[in-house]
Amino acid sequence: MWYNRPAMPVTLTVTAGPHAGRTFTFDQHETFLVGRTEDCHFRFSFDDPYFSRRHFLIEVNPPRCRVMDLKSRNGIKVNGERVDVGDLKDGDEVQAGHTVFRVSVSWPAEPGIPSTLVEPRPPSSATVEYTPPAVTVAGFRVEREIGRGCMGVVYRAVRETDGMVVALKTIAPAPGVAAKQVARFLREAEVLAKLWHPNIVGLVEAGEAGGLVYLAMEHLTGPDASRVLKERGPQKPRTAVRLISQVLTGLQHAHEQGFVHRDIKPSNILLHAVAEKRLAKLADFGLARAFESSRMSGITMQGEVGGTPAFMAPEQVSHYRDVLPAADQYSVAATLYNLLTDRYPYELPKNVGQQLVMILTEPPVPIRDRDPGIDAGLAGVIHKAMSREPAERFPDAAAFRKALQPYA
């Protein structure tokens with residue numbers, strides 16, 4: 001059962017400093033970057049001696065709020081104590097230099113709904129999985145479970161109208177998710193059905209049945225790239241480059257249609273046997289953004305659903321709602337890095353907030369430090385695609401793919 005909930009905005013009010021009186025209100029998942037560079041949402045003068053170029057980041061997903069110091073020169077304080085990463089609550093004050101922000105969380109009560117249905121989910125870096133005890137989806141004959149992940153459980157099923165075999169992903173919305181948010185997720189998912197390409201897993205249909213949201217997708221025969229990596233270890237350069245080149249072909253098509261994936265990683269690259277060849281297909285296109293923005297997973301912060309942020313581009317952390325195709329290029333390069341080394345581009349700490357700060361402030365570990373045998377030219381291509389600034393990456397996915405051709 002789903003319940004409609006009132007808006008729960010978070011407001012940041014500047015109570016001290018040269019910008020006292022300014023307010024910033026957030027009623028959906030946003031990031032708020034503070035510093036001196038042009039890309040900051042709240043920008044200070046370069047003459048201000050207390051603020052670094054990118055000083056700190058506040059992530060808001062009402063009613064939750066988290067602050068992260070971006071290894072600034074003078075740091076930040078929450079309620080008078082210096083912190084690196086911390087969750088904020090109503091009434092907290094964040095100070096940087098002479099500027100102070102007060103946090104206000106507005107959470108109106110709604111009569112008749114138990115509080116357990118609307119309380120935010122506690123912070124967790126673990127993947128959230130939903131496992132319905134029994135699944136019946138009208139119009140499909142469910143046969144067996146074939147996988148599970150952060151969004152839900154996937155079954156092999158047969159569509160009764162035409163006998164088509166599909167991969168049926170079922171999603172149990174978190175308690176308290178409004179019916180309109182479920183409808184929004186389904187609308188966004190159905191738009192993605194336009195993305196038909198040999199290197200993209202096609203969406204057949206989407207709907208809601210018996211309290212579950214379902215996505216019927218192409219049924220593929222092979223494992224995902226993360227399973228192959230787990231079973232066989234680091235891939236040979238030619239094998240990995242050929243697989244990634246196929247992914248980039250599908251990605252270029254999607255970008256030309258105006259779509260950004262936002263969640264490229266080995267587990268979202270599925271392998272499909274066609275004759276004697278292996279075809280790489282990119283799964284869950286655009287569903288990560290739709291899933292999180294609809295709050296289907298509950299009130300989560302970046303990195304809490306779907307596992308490690310290791311494949312996220314820096315701008316995906318700092319400008320959550322404004323991610324462009326260049327972020328996908330970064331994630332593809334990070335995926336190739338992982339396939340070649342069985343390591344992440346960063347030595348990530350356990351705390352999710354600290355992971356995000358590392359991605360925002362530190363360069364990746366050079367891939368040849370992981371494996372000196374990797375060709376220097378290939379390493380250069382990978383690190384160009386993983387450049388911190390999007391403008392320094394390849395012009396598009398096609399150019400990235402072309403740069404990889406000598407190593408395929």
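**Close-up views of a predicted model**

View 1. Asn199 counts as buried because its relative accessibility is 6% (buried is under 20% relative accessible area, exposed over 50%, with a 1.4 Å probe and protein chains only). You will find Asn199 in the loop between α1 and β15 (203-209); helices (H or I, at least four residues) and strands (E, at least two) are DSSP runs, numbered from the N terminus. Its side chain joins that of Gln246 in a polar contact of 3.5 Å (a pair of N or O atoms within 3.5 Å, one able to donate a hydrogen and the other to accept it; residues adjacent in sequence count only if both atoms are side-chain atoms).

This is a predicted model, where local features need pLDDT of at least 70 and side-chain atom pairs count only at pLDDT 80 or more, while totals for chains, interfaces and linings use all residues. Residues are numbered from 1 along each chain as its sequence is written, and side-chain values use heavy atoms, leaving out hydrogens and water.

**View 2. An open sheet of five strands.** Follow the order β4-β3-β5-β6-β9, with mixed pairing (two strands pair if DSSP finds at least two bridges between them). The edge strands, β4 (42-43) and β9 (85-87), each pair on one side only. Strands β6 (residues 64-69) and β9 run antiparallel, joined by three bridges; Arg66 has Asp87 in β9 as its bridge partner.
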